[in-house]
Amino acid sequence: ARVDSAALLTLAQAAGGAGAVILLLSRQTVVLRRTPPGVRGRAMSFVGGAQRVSFLVGPALGGLLAEAIGFRSTFLVAAGLVSLGLVPGLLGRSTTTTAPAERPPPVPFLDVVRTHAPALAAAGSGQLGSMAIRYGRQALFPLYGAAIGLDAGQIGLVVSLSAFADLAVFPVSGVLMDGRGRL
């Protein structure tokens, strides 16, 4: 379906972003609970690397599919793959997770924001800029490619190749995190 409203498109993008953040946090929680501290950086790096492989392969494959079977059918294939990814969650929870460590009682969200507002604003604005640069290519390359007349297959290949830089650094980052910490 086609969206003619900028507000609806913005709302859909915000919902997609919220879903992506939830997925990221849940992956990190699983790694945190299932791996010993000495290898946690490599485990997180591997999980992130697997996602980066999908960014390397996915856009090129999506572009080729869009050229071969059309955009609507390509989105239906993507929806089917996403639905397939839901199956493990529907099958039930694993009972092998380790018990969480003792934690202090939770602090209300607004109390945290009030107490740490300057630090959150500084860290958040820096992170926002960093993520805009990092993920901006996923929007800018296709838009620019369409503007200069590239077809969907060519745009997909360009976006896939742009993911190669991210893919090249993940193995080293895990070893560095385990040896020197995440900072």
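Me: At roughly what angle do the axes of helix α2 and helix α6 cross?

Reply: This is a predicted model, in which local features need pLDDT of at least 70, side-chain atom pairs count only at pLDDT 80 or more, and totals for chains, interfaces and linings use all residues. Residues are numbered from 1 along each chain as its sequence is written, and side-chain values use heavy atoms, with hydrogens and water left out. Axes are lines fitted to C-alpha atoms, for helices over the stretch in contact, with angles from 0 to 180 degrees between N-to-C directions; helices are DSSP runs (H or I, at least four residues) numbered from the N terminus. Here the axes of α2 (residues 40–69) and α6 (residues 152–162) cross at roughly 180° and come within 7 Å, which makes α2 roughly antiparallel to α6 (angles over 145 degrees).

Me: Which residues of α6 make the contact?

Reply: Contact means heavy atoms within 4.5 Å; α6 contributes A152, G153, G156, L157, V159 and S160, which meet residues of α2 including F55 and L64.

Me: Within what distance do the axes of α2 and helix α7 come?

Reply: The axes of α2 and α7 (residues 164–180) come within 7 Å and cross at roughly 175°, so α2 is roughly antiparallel to α7 as well.

Me: Where is I148, a residue of the nonpolar surface patch, found?

Reply: I148 lies in the loop between α5 and α6, while the largest share of the nonpolar patch, 4 residues, comes from helix α5 (residues 117–147).

Note on methods. Helix = DSSP H or I, 4+ residues; strand = E, 2+ residues; numbered from the N terminus. Parallel < 35°, antiparallel > 145°, perpendicular 65-115°, else oblique.
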